Amino acid sequence: MKRISWEAYLGLQVGERIPYLNKDGAENEPFHVLYAQQFDRKMLDELCALADRIRKAHKAPEGAALLRSLLPNKTALNIFAQPSTRTFMSFHLAEQKLGMQTSDIRDLSTSSQAKGETLQNSIRTFSSYVDLIVMRHPDQGAAELAAYEMNMADRRLPVLNGGSGQDQHPTQALLDIYTLQRSLDEIDGKKIAMVGDLMRGRTVRSLSYLMKNYRDVEIYYVAPERLRIGDDIKAFLKKQHIRYTESDNIEAIVPIVDAIYMTRIQWEWDKAAGAKAGDAKYDPRFVFRKEYLQRMKRKSCLMHPLPKINEIDPELDYLEDPRVVYWRQERNGMWIRAALIARIFGVDGQIPA
Ligand code: NCD
């Protein structure tokens, strides 16, 4: 791994950073996972197929035992310095299904950071004891700094970004792709709507980046005026020749699209900026009502990264309709994360086809 100063590294565009994040000498093989842009079509297809193999193997006791025999001498550290339910649970269980030992930190104020230790030094210390770091942090650059620190350290171990500020959530995007593929059979040529807080939702950002890997996809962004998708994403889509439209009413797009990806309004950022929680009222134009489901295509899906608040009619939670996939989507997260970890540690070849 080529060395570079932190300042010089920060001066690089995302595309130029990727060689520092990949496995040595491999062009499209992530080692650290920080950005959705690191994944190409081949890798996405292979990870989805591997996730299928893992879930199939896990159905039988012998298969589950085989999975647990893959990484018994490895330990994963899950640092979640920001609230998390699904990402934490699914990483934790994915690691255990591969036989890894797990260690969790859910509050950095209980570590020596509280004594003034730098994040770099804390990460370096953690890395003395473990073989994989998964990190969620409110600051955009924290997982990046951890990966950089690992590249400079003698024990170079992978860092997976479990959500960084308002920027990216690459492993969520992997499970979203896996879910789209399982629900629609293919993603090429599909129309995908993303609804809600598109400005601060990191999941829609990462998923938008992954769309570069699919042919003739069309994105429909539906958001309140003040929460529209970032200009950087729009510039990226234009450069990649991906068609997108922006609007402010979900109703019109319901019958047209193949997938609707709902998101919640992230009021906590308003609260941090001084607004009261009561300011975050739900606008009916961004709520998925029960009757919309009947207007969706017969083969389509309603997704949500979760947590949801009141942007989906709760009656849909209990409906047995194959289009309502958000609960299955979260379980998909465990299998695709197991696939990613198996791939990074090079044990995927031992998982039966
Ligand atoms: C999302 C996140 O944390 O970015 N949740 C998740 O990981 N599934 C979405 C959110 O918080 O709204």
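**A strand and its surroundings**

N161 is found in strand β4; helices (H or I, at least four residues) and strands (E, at least two) are DSSP runs, numbered from the N terminus. A word on the ground rules: this is a predicted model, in which local features need pLDDT of at least 70 and side-chain atom pairs count only at pLDDT 80 or more, while totals for chains, interfaces and linings use all residues. Residues are numbered from 1 along each chain as its sequence is written, and side-chain values use heavy atoms, with hydrogens and water left out.

The side chain of N161 reaches the backbone oxygen of L34 at 3.1 Å, and the backbone nitrogen of G163 at 2.8 Å.

Six of the six residues of β4 (residues 159–164) are buried, so the strand is largely enclosed by the rest of the structure. Next to β4 comes β3 (residues 132–137): the two run parallel and are joined by four bridges, where strands pair if DSSP finds at least two bridges between them. I133 has V159 as its bridge partner in β4. Between these strands the chain passes through helix α7 (residues 142–152), and this β-α-β crossover is right-handed: with the strands pointing away from the viewer, the path from the first strand over the helix to the second runs clockwise.

Now stay with β3 for a moment. In a regular strand, side chains alternate between the two faces of the sheet. In β3 both faces are covered, with L132, V134 and R136 buried on one side and I133, M135 and H137 buried on the other. V134 has a bridge partner in β4, namely L160. V134 is also the partner in β3 of N78, and five bridges join β3 to strand β1 (residues 75–80), again running parallel.

A polar side-chain atom of T87 sits 2.9 Å from an oxygen atom of the ligand. For Q172, an N or O atom in the side chain is 3.1 Å from a nitrogen atom of the ligand. P305 takes part through its backbone, with an N or O atom 2.9 Å from a ligand nitrogen. Taken alone, the ligand exposes 320 Å², and the protein buries 92% of that; these areas come from the Shrake-Rupley method with a 1.4 Å probe, and for residues only the protein chains shown count as cover.

Helix α8 (residues 170–184) is where L175 lies. L175 counts as buried at 2% relative accessibility.

The structure holds nine aromatic pairs: rings of Phe, Tyr and Trp (its six-membered ring) with centres within 6.5 Å, called stacked under 30 degrees between planes, edge-to-face over 60 and tilted for the rest. W6 and Y9 are a stacked pair, 5.8 Å centre to centre with 15 degrees between the planes. Both lie in helix α1 (residues 6–10), three residues apart, about one turn of the helix. Y209 and F236 give an edge-to-face pair instead, at 4.7 Å and 80 degrees. This pair links distant parts of the chain, 27 residues apart: Y209 is in helix α9 (residues 202–210) and F236 in helix α10 (residues 231–239). Y209 and F236 are both buried. Ring pairs also link W6, Y9, Y20 and Y148 into a cluster.

Technical notes. Buried means under 20% relative accessible area, exposed over 50%, partly exposed in between (1.4 Å probe, protein chains only). A polar contact is a pair of N or O atoms within 3.5 Å; within protein, one must be able to donate a hydrogen and the other to accept it, and residues adjacent in sequence count only if both atoms are side-chain atoms.
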